[in-house]
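This report goes through a structure piece by piece. Please look at the sequence and the model before reading on.

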Amino acid sequence: MTRTSQDVDLSNKERAEIANDAEADAFIRLHLNSVDDQSVRGALTVAPSKKNPYLDEETITESRSLSKIILKDFCKE
């Protein structure tokens, strides 16, 4: 966990440093998005693009695979 309250201002860089320092196998950010229209439903995952110049192909592939697994299992539940 990088935070446990709403009043924390961490950059993506700082979050990545926390994950790297903890030698995490994966870094997952959870958001709770909402809208006032009850007909809108769904879930979303975001993973790095294959065009990301800062990550190697293996990291991108593994990230996208994990993203798909999380989304599939989340929707299954």
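Is Glu-57 buried or exposed? Glu-57 has a relative accessible area of 67%, so Glu-57 is exposed. Here buried means under 20% relative accessible area, exposed means over 50%, and partly exposed lies in between, with a 1.4 Å probe and protein chains only.

The model is a predicted one: local features need pLDDT of at least 70, side-chain atom pairs count only at pLDDT 80 or more, and totals for chains, interfaces and linings use all residues. Residues are numbered from 1 along each chain as its sequence is written, and side-chain values use heavy atoms, leaving out hydrogens and water.

**Surface patches**

Glu-57 belongs to helix 2, which covers residues 57-76. Helices are DSSP runs (H or I, at least four residues), numbered from the N terminus. Together with Asp-56, Glu-58 and Glu-62, Glu-57 forms a negative surface patch. A patch is made of residues with over 30% relative accessible area and no salt bridge, where like charges are joined within 9 Å and nonpolar side chains (Val, Leu, Ile, Met, Phe, Trp, Tyr) within 5 Å. Asp and Glu count as negative, Lys and Arg as positive, and His and the chain ends are not counted. The place of a charge is taken as CG of Asp, CD of Glu, NZ of Lys or CZ of Arg.

A nonpolar patch on the surface is made of Ile-28, Leu-30, Leu-66 and Ile-70, with about 380 Å² of accessible area together. Such areas come from the Shrake-Rupley method with a 1.4 Å probe, and for residues only the protein chains shown count as cover. Leu-30 sits in the loop between helix 1 and helix 2, and its relative accessibility of 77% makes it exposed.

How many salt bridges does the structure hold? The structure holds one, a salt bridge being a side-chain nitrogen of Lys or Arg within 4 Å of a carboxyl oxygen of Asp or Glu. The side chains of Lys-13 and Glu-17 form this contact, at 2.9 Å from N to O. Both residues are in helix 1, four residues apart, which is about one turn of the helix. Lys-13 is exposed at 59% relative accessible area, whereas Glu-17 is partly exposed at 34%.

Arg-15 is also found in helix 1. Arg-15 is buried yet has no salt bridge; Asp-9, the nearest side chain of opposite charge, is 6.3 Å away. A polar atom of the Arg-15 side chain does lie 3.4 Å from the backbone oxygen of Leu-10.

**The loop and distances along the chain**

Glu-23 is in the loop between helix 1 (12-21) and helix 2. Its phi is near 55°, a positive value in a residue other than glycine. Glu-23 is exposed, at 69% relative accessibility.

The table lists pairs of residues by their separation along the chain and between C-alpha atoms.

| Pair | Apart along the chain | C-alpha to C-alpha |
|---|---|---|
| Ala-16 and Ser-39 | 23 residues | 35 Å |
| Leu-44 and Ile-18 | 26 residues | 24 Å |
| Met-1 and Arg-29 | 28 residues | 9.3 Å |

Ala-16 lies in helix 1 and is partly exposed, with a relative accessible area of 33%. Leu-44 lies in the loop between helix 1 and helix 2 and is exposed at 65%. Met-1 is found in the segment before helix 1, and its relative accessibility of 86% counts as exposed.

Note on methods:
Helix = DSSP H or I, 4+ residues; strand = E, 2+ residues; numbered from the N terminus. Polar contact = N/O pair within 3.5 Å; in protein donor to acceptor, adjacent residues only side chain to side chain.
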